[in-house]
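Let's walk through this model together, beginning with a pair of helices and moving on to the packing around them.

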Amino acid sequence: MDMTTSKMIAEAVKQAAPALEITGITKNFEGFTALRDVNLSVRSGEMLCFLGPSGCGKTTLLRIIAGLETQTAGSIVQNGRDISWLPPEKRDYGIVFQSYALFPNLTITDNVAYGLVNGKMKKADIKARAAELLEMVGLPTAGGKYPSQLSGGQQQRVALARALATNPGLLLLDEPLSALDATVRVRLRAEIRRLQKQVGVTTIMVTHDQEEALSMSDRIVVMNHGVIEQVGTPMDIYERPATPFVADFVGKVNVLRGKALGGKRFRVGEMEMECESCEGSFTPGQDVRLYLRPEDRVAENLQHDTPHRLTALVTKVEFLGGLCIAEVTSDALHGQSLGLHFSLNQMHDLGIREGHRIDIALRAHRVRVFTSGAAA
């Protein structure tokens, strides 16, 4: 084997190896377990989101990766290097906090260059690197200003530029957008995603905002009570939730009570449903819960023999602009209600309004089924 081939194989192996390998991470506080045997592989160059409610352990896990908290048990390997017990300054990452954490007495250029000053770079090179990063985050003329002269969104861009200044192998984002107003959040999350792709840095972001996670990440890690409920692409998490908690936490969902009939067949009220996508085995007569997204219905071009068709009474309409939510009930479902999404144009075209009846069909192949005893 010649030297060139050997180098190519070594590079391929390096790229295939995970950028971060988390094994058996447990964190116990006095009388409380924050993380319980967490295992996770983070791929090189991906944008990974830790998503979950407050207190689920996502921030604790990020702080352990950063060395700001010490795990009770478990190991962390970054690019083949065991960093499990290294102090923060010995680890290869940049971090952006929710609070920006900029130095108020330093100019924007000096804030961005802060991590480079103690290195061996020349002052001219440091200044050029800071200017390059400010250009990258869309603030080319802000170098001479101070943090107090910038908006919240601009300060967060500066914090991002500072985190990227040393070309870290890992970028950690701790709820970086939660302190911003809604309009700025939407704009900045697109910019962060663009920058992450442009730079190619492996990134882990903590958020409790499902919309952020769905729109920004390559994969989502859904956490609850210190454990990982599911890891998958945004589409996987939304369309194929692995647990009732994931189905309920990510996006809106309808939950219908029913009974298993055997195989993939279930009864909800008077309606029998064939749920092709359901997984696992269910005993005939077993109580189950069927999870259906609000958009998983058909309301146009229905035929008399359209499967899973029913007539429903519109009991409430929630107007959200271009999208509306119609709450409906049906005798066929024994009075169980559904919240269904319709565009504003559909509301007009189909005559959907409170007190009126509409014909719909449920997309049974989209339904996820769990036993009634499964934790939500």
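Helices H5 and H6 are roughly parallel to each other, a label for angles under 35 degrees. The axes of H5 (residues 152–164) and H6 (residues 182–199) cross at roughly 15° and come within 11 Å; helices here are DSSP runs of H or I, at least four residues, numbered from the N terminus. Axes are lines fitted to C-alpha atoms over the stretch in contact, with angles from 0 to 180 degrees between N-to-C directions.

This is a predicted model, where local features need pLDDT of at least 70 and side-chain atom pairs count only at pLDDT 80 or more, while totals for chains, interfaces and linings use all residues. Residues are numbered from 1 along each chain as its sequence is written, and side-chain values use heavy atoms, leaving out hydrogens and water.

Which residues of H5 meet H6? They are Gly153, Gln156, Arg157, Leu160 and Leu164, facing residues that include Leu188, Ile192 and Leu195 in H6.

Finally, look at arginine 129 in helix H4 (residues 123–136). Is arginine 129 buried or exposed? Its relative accessibility is 12%, so arginine 129 counts as buried, the cut-off being under 20% relative accessible area with a 1.4 Å probe, protein chains only.

Definitions and conventions: Helix = DSSP H or I, 4+ residues; strand = E, 2+ residues; numbered from the N terminus. Parallel < 35°, antiparallel > 145°, perpendicular 65-115°, else oblique. Contact = heavy atoms within 4.5 Å. Buried < 20%, exposed > 50% of the residue type's maximum accessible area, 1.4 Å probe, protein only.
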